[in-house]
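Dear colleague,

Please find the structure below, followed by an account of what was found in it. I would be grateful if you could read the two side by side.

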Amino acid sequence: MTLPRIASFAAQAAMVCIVLVMLTPVFYMIAMSLRTAAEIVEQPLGLPDRLYFGNYVNALSQMAYLRSVVNSIGITLAVTVLVAFLGSMAAYPLARRTNRFTRLVIMLVALGLATPPFVTITPIYVIFRNLGLLDSYLGIILAFTALNLPLAVFFYTSFIGAIPKELEEAARLDNCNDWQIYWYIIRPLLGPATATLSLFVTLMVWNDFTYPLLLLTSPEKFTVMISVYRFLGNLNVQPDQLFPAAVLGSLPLLVLFVIFQRRIVAGVTAGAVK
Amino acid sequence: MRRIKRAFFGAAVSGMVLGHAAVAQSVTLDVTAWKGNEAEPAGLPDLIADFEAANPDIDVELSYISRLDTDVVLPPRLQGNNAPDVMMTDMPLVDIWAGAGLLADLGTGSEWYGRLEPSLVPSVTSDGAIYIMPLEVIGMGNFVNMDLLAQAGINKAPTTINELHAACRMLDAAGIRPMIFTGGFSAPLFVIANGLEQTDSARALGLAEKSFTESDGFNASVDLVRGLIDSKCLDPQEQAGLDPWSTALTEFKAGNFAMMPQGAWNIGDFSGVEGLNFAFAPIPSNKASGVALDLFGIGWSISAQTAHPEEARRFVEFFAEAANLQKMLDAESAYSPFQGGASGTPDLAAPYDQARVDGGVIMYPFAVLDWPKPLEREIWDSLTGFLLDTEKSNEAVLERWDEVVEDAL
């Protein structure tokens with residue numbers, strides 16, 4: 001075996017080890033969810049002797065699972081689309097028209113990124129109450145959109161800045177206006193950035209439970225993470241209750257990622273090699 | 001025939017009108033609590049069903065919000081004039097929210113106020129007003145696996161320091177790990193209980209009128225931990241990394257350790273473990289009784305902004321009735337906050353009960369606002385640091401506590 005092949009083998013082995021370490025908590029969560037409470041007590045770190053699905057039956061019976069998954073998917077999808085659309089539209093002029101005003105706007109956007117969530121939580125609640133948007137899907141979608149827009153604007157501004165201006169100049173020769181240039185020239189080139197941003201936004205919206213807990217009060221509007229949250233004790237953790245709920249909570253997202261894996265990876269890596 | 005038809009029609013219309021009126025009068029109470037979920041039901045789902053059955057004009061919508069998230073989620077609702085009608089609270093929350101005028105005065109003229117345990121009255125009364133109706137007092141003591149003790153030749157849960165040292169040596173000799181002593185919770189319970197037992201006034205320490213660094217009681221209490229290490233009660237570095245809310249509990253349930261200072265709220269969970277024969281005893285101390293470290297934990301408060309004050313008051317008073325409260329006390333293995341109130345502790349908590357009878361009760365100082373809340377986290381952190389490096393001086397541990405107290409003033 002030559003030296004480069006040994007090095008390559010060692011690098012691959014190291015990568016496999018790193019992946020295994022990263023997957024260990026996930027594996028532990030799934031393994032725990034398939035064991036009875038007695039088995040977990042007997043051997044806290046043991047593997048399941050048999051696959052016990054009773055924990056899942058219990059969790060499903062207490063979670064209003066389908067309804068909350070549908071809510072989560074709807075809210076996440078709407079927020080992701082809105083953030084990508086509004087963020088890219090706002091970023092286009094900011095990236096192209098560089099003057100004091102746009103620099104100030106970019107700084108304000110950066111401030112939005114740096115603001116701790118507990119500072120914004122009360123103003124958001126009061127504004128939404130005054131607008132009559134509490135306990136509504138529209139309210140939670142707008143809240144998440146507002147919270148994620150600074151990231152999107154910042155993200156797209158730097159990405160659009162790297163797109164050659166010649167493309168736009170050519171479009172202007174063909175009598176395209178600003179909107180047409182954005183829609184037909186810039187937007188299609190934002191695929192990789194949108195894919196990466198969508199990943200961030202989806203994970204953030206799906207996993208957050210503070211804002212749904214704050215803005216939604218009707219149980220039929222709750223997201224899946226609020227359903228999972230009910231299984232978490234204040235002073236103790238019941239692995240046979242919490243872990244199946246956690247698996248069920250993350251399962252839809254995992255399925256979506258598996259289904260769209262190719263597109264996501266293609267989107268993220270597109271443009272990486274020129 | 002026409003008369004019959006008319007009478008029938010009239011009755012139907014009356015029924016519809018009355019039915020509509022009944023529906024129109026129905027009130028929905030928005031209630032939040034950090035109990036009542038799947039992990040910690042505390043009997044709340046049944047009690048709410050009972051309340052609704054007894055009060056058909058009131059529907060209760062219970063939302064679970066963990067204690068930690070209550071600090072984040074409820075202040076915006078309170079400040080936004082859209083608070084829940086009734087909220088589960090504790091004294092640190094009441095201190096802030098009542099001070100800001102966000103809670104309704106429940107009235108010291110209430111029937112239940114007159115029945116409160118005298119030791120609780122000063123803690124919950126503020127300038128002649130009361131903003132919380134206490135639901136329970138819950139013990140924090142020492143869980144003891146009696147089968148493991150028996151294997152080492154011990155037949156009684158230790159309640160004194162000497163008994164604890166002897167038990168640890170015998171358990172260690174028998175190859176049994178004696179004690180879970182997590183820096184995050186168990187060690188603080190032990191140190192606080194033993195420190196306060198030898199200190200005149202917890203409040204003076206919390207107000208910086210006296211210092212922890214110069215307190216003989218707390219210096220002796222930290223020394224007691226060194227003594228436990230010498231007696232092989234615990235491996236300090238191993239304990240520093242153990243999580244008190246998950247792995248520590250599983251380890252005790254698995255029978256891997258013989259003792260564990262923790263809260264009585266675990267009794268229900270531990271009782272469900274087949275083959276786990278355990279007792280709930282006081283925290284061993286230099287007194288014969290040991291220390292029964294009582295926690296006044298939860299209560300109900302009514303929002304000052306509620307649109308349904310009368311219904312909210314009925315809800316709160318429902319829990320003050322002994323028969324109703326008993327269901328919660330049983331589920332929580334807790335004591336009634338009312339004079340002559342029964343306890344919900346099972347027989348296995350008899351040693352703890354006895355310590356209370358023998359005068360071993362000390363109130364957990366954070367729950368009655370004797371000590372500032374930030375100090376609790378500091379004690380956990382500093383004792384974890386101490387377990388990692390037991391060569392540290394007592395002063396190095398305790399001066400951090402004094403600093404936090406001074407910062408909080």
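Domain bounds, as used here, come from an automatic or database domain assignment. This is a predicted model, in which local features need pLDDT of at least 70 and side-chain atom pairs count only at pLDDT 80 or more, while totals for chains, interfaces and linings use all residues. Residues are numbered from 1 along each chain as its sequence is written, and chains are lettered from A and ligands numbered from 1 in the order in which they are written.

Chain B is divided into domain 1 (2–135 + 296–332) and domain 2 (138–295 + 347–408). Their C-alpha centres lie 35 Å apart. Domain 1 of chain B brings nine residues to the contact and domain 2 of chain B brings ten; two residues are in contact if their C-beta atoms, placed from the backbone, lie within 7 Å. On the side of domain 1, helix 4 (91–99) and helix 15 (322–332) of chain B are the elements that give two or more residues. Helix 4 of chain B gives the most, with three residues. Helices (H or I, at least four residues) and strands (E, at least two) are DSSP runs, numbered from the N terminus.

Chain B also holds an open sheet of five strands, in the order 2-1-3-11-6 and with mixed pairing. Two strands pair if DSSP finds at least two bridges between them. At the edges are strand 2 (58–64) and strand 6 (133–134) of chain B, each pairing on one side only. Strand 1 (residues 27–33) of chain B runs parallel to strand 2 of chain B and is joined to it by seven bridges. Within this pair, Thr28(B) stands opposite Asp59(B).

One backbone angle deserves attention. Most residues other than glycine have a negative phi. Asn81(B), however, has a positive phi, near 55°. Asn81(B) is placed in the loop between helix 3 (67–79) and strand 3 (86–89) of chain B. Is Asn81(B) buried or exposed? Asn81(B) is exposed, with 12 other C-beta atoms within 10 Å; a residue is buried if 20 or more other C-beta atoms lie within 10 Å of its own, exposed if 12 or fewer, and partly exposed in between, with C-beta atoms placed from the backbone.

Finally, the contact between the chains takes 27 residues from chain A and 33 residues from chain B. Helix 6 (117–130) of chain A is one of the helices that supply at least two residues of the chain A side, and helix 6 of chain A gives the most, with six residues.

Yours sincerely
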